[in-house]
Amino acid sequence: MCGIVGAIAQRNVSEILLEGLSRLEYRGYDSAGICTIAGNKFSCIKTTGKVKVLKDEVNLVGCPGLIGIAHTRWATHGVPSKENAHPHICDHLALVHNGIIENFQELKQELIAAGYSFKSQTDTEVLVCLIHSMLKKSSSVLDAFKLALARVKGSYGLALVDLNDPDTLYAARSGSPLIIGLGIGENFIASDTLALLPVTRRFIYLEENEIAAITTRAVRVFDLNGCEVDKKIIESDLDAESISKGEYRHYMQKEIFEQPTSLQNTLIGRIIDDKISNETVVGIDDNTFKDTNFIQIVACGTSYHAGMVARYWFEELTGVATNVEIASEYRYRKAVVPDNALFVTISQSGETADTLASLRLAKEQKFKNSLSICNVNGSSLVRESDYTLFTKAGAEIGVASTKAFTAQLLSLLLLALIIAKQKQAITEEKYKEIITSLRALPALCQDFLSCDKQIAALSEQFSGKHHCLFLGRGVMYPIALEGALKLKEISYIHAEGYAAGELKHGPIALIDNEMPVVVVAPDNALMDKLVSNVEEVRARGAQLYIFVDNKAQLKNDKQTQKVALPSCPEILQPILYTIPLQLLAYYCAVINGTDVDQPRNLAKSVTVE
Ligand code: F6R
């Protein structure tokens, strides 16, 4: 989704801004722009397409200045074009914006009546004109900024510069994340810490409805009422190298192969004396979940699939009834909330608008407590939840979530064990058995990755295919959904996941010899049932790709290709069987020549509804 970078320094800022934009590319965008102030005038350059195009243009014509703002735009109002790209300028003000101004049409009509005219179709241009119009009623740009924001309905992360005061950078946030980076004699703003890692690791997180005035020497943050707010400085544990591709061709590939390490990182310090330490979840004690009677999990996309797996684990290990729902649905539903209910959100970014809105709704409902499973320290979800379990997957740059998903699954399993222990719902034997399995997970993950070459070869057979089905049963059903999501989002092959037993209730009509069917079939209690479902598909001519335990008695034939995978404990199967499906999606995308790390129309952090 859109990215913002701003800088004020005693050196030329255009390089900092462009490097920041490059580091935000992973979020998804369709055009980019930069605006600096030098010699009492704006230098403003905008381009469609990649940041590289903008960089080339800046190198050609120059964009000097000690203060500036820059933006990558993911079109909402108006097509991707130079005119609609940010920054938008009104007289001596220039603005970049993430989010959506819902009442922009009404404001636009008022501004037209007051004599303003517009070059773009964007809500952002309306907002910069609105701020400008408020200058008549106020004594400063900061006041005009506040007055304008009071008129706005919707969400925003904003960065503003004023030609008449090139010593101040302004920022505001409501609904879209924004951080301030602190340098020495220079300060920055961005929508994501990753953008600023080459220049600082010290950050201030703007909260909802806060507005900031930033100079080279000072950062002042105000609330809605104009009162100055004391802000905490948070040191990031990421470094600039966290976003290097290393020897890999794509970030996604690197992130798939990083999983033995990322899973190890999720485990480090969490198992102490054969027990999951309470410190795994920030803020809990021995009794936090003792009375928990109901768990509601809410998330989007891949994180939702992690939640679906967790429901099996929570109910089996803790005995607590668990519901899992897509955040965009939950937030508009009148859910019945029992006593002693725990609200769990799952999110890689911690900024997903629907998940955040659901958490805010849950706080109004009668949930006893809220817990976020999140990969980003300092994110909105983390700040607003009672407790947090950090997934510790490290920065994930590829738009398609891979290592964050397996880290979410592992984190959810840790949480299930903590709750099970507190509720005394699990036998000592079962608990120990799972702890032993967890210790083996990183090495097993490495073993699973050795199917890489076989999957690369097998992917060739998907070339030219337009559709694909993924089947799984029980806890592997959400993994089939995740396999299908990965394939469709990066290779653009239409793919659907089904619970294998559901196939004959409709989707089996799609099966013919042009339809590849991927079956996730680890050795578990539902294996025999799954085999019967597979026979139904085989009888209708489907091309079968079966991911099985290497001990399974299954022969390759004209219609069937077996991918034999290492034997593993049943509890780890959802985590480990995800890996070959990620590889399949990756290689199909490479063969189809798509933009693997930034697939079309997608954004890494979905901060609008
Ligand atoms: C798919 C993918 C998305 C995200 C979804 C939620 O590969 O990454 O489906 O899982 O947009 O994002 P987070 O986890 O940041 O809330």
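Analyst: The lining of the second largest pocket has 13 nonpolar, 11 polar and six charged residues. (Ala, Val, Leu, Ile, Met, Phe, Trp, Tyr, Cys and Pro count as nonpolar, Asp, Glu, Lys and Arg as charged, and the others, Gly among them, as polar.) The model is predicted, so local features need pLDDT of at least 70 and side-chain atom pairs pLDDT 80 or more, while totals for chains, interfaces and linings use all residues. Residues are numbered from 1 along each chain as its sequence is written, and side-chain values use heavy atoms, without hydrogens or water.

The volume of the second largest pocket is about 670 Å³. Its lining is made of 30 residues, and Cys300, Gly301, Thr302, Ala603 and Val606 are the closest to the centre. (On a 1 Å grid over the protein atoms alone, a pocket is an open set of points with protein on both sides within 12 Å along at least five of seven lines, a cavity is a set where a 1.4 Å probe fits but cannot get out, and lining residues have an atom within 4 Å of a point; a volume is the space filled by probe spheres on points joined across faces, edges and corners.) Helix 8 (301-318), strand 20 (341-347), helix 10 (353-364) and helix 15 (477-491) are the elements that give two or more residues to this lining. (Helices, H or I of at least four residues, and strands, E of at least two, are DSSP runs numbered from the N terminus.) Helix 8 contributes the most to the second largest pocket, namely five residues. At the level of domains, taken from an automatic or database assignment, domain 2 (245-426) and domain 3 (451-592) each supply at least three residues of the lining.

The ligand comes next. There are 13 residues around the ligand, and Ser303, Ser347, Gln348, Thr352 and Glu489 come nearest; a residue counts as near if one of its heavy atoms lies within 4 Å. Three of these side chains can be described by distance. Serine 347 has a polar side-chain atom 2.6 Å from an oxygen atom of the ligand. For threonine 352, a polar side-chain atom is 2.5 Å from a ligand oxygen atom. In glutamate 489, an N or O atom of the side chain also lies 2.5 Å from an oxygen atom of the ligand. The ligand exposes 400 Å² when taken alone, and the protein buries 89% of that (Shrake-Rupley method, 1.4 Å probe).

The largest pocket has a volume of about 790 Å³. Its lining has 43 residues, and Asp237, Leu238, Asn375, Val376 and Asn377 lie nearest the centre. By class, that lining holds 16 nonpolar, 15 polar and 12 charged residues. The largest pocket lies between domain 1 (3-242) and domain 2 (245-426), because both give residues to its lining.

The whole structure also holds two cavities of 30 Å³ or more. The largest cavity has about 60 Å³ of space, and among its lining residues are Cys2, Trp74, His86 and Asp123. Its lining divides into two nonpolar, seven polar and two charged residues. Strand 6 (93-101) and helix 4 (123-134) each give at least two residues to the lining of the largest cavity.

The second largest cavity, of about 30 Å³, is lined by residues including Arg473, Met476, Pro522 and Leu530. Strand 25 (516-521) and helix 16 (527-538) are the elements that give two or more residues to that lining. The lining of the second largest cavity has six nonpolar residues, one polar and one charged.

Methods. A polar contact is a pair of N or O atoms within 3.5 Å; within protein, one must be able to donate a hydrogen and the other to accept it, and residues adjacent in sequence count only if both atoms are side-chain atoms.
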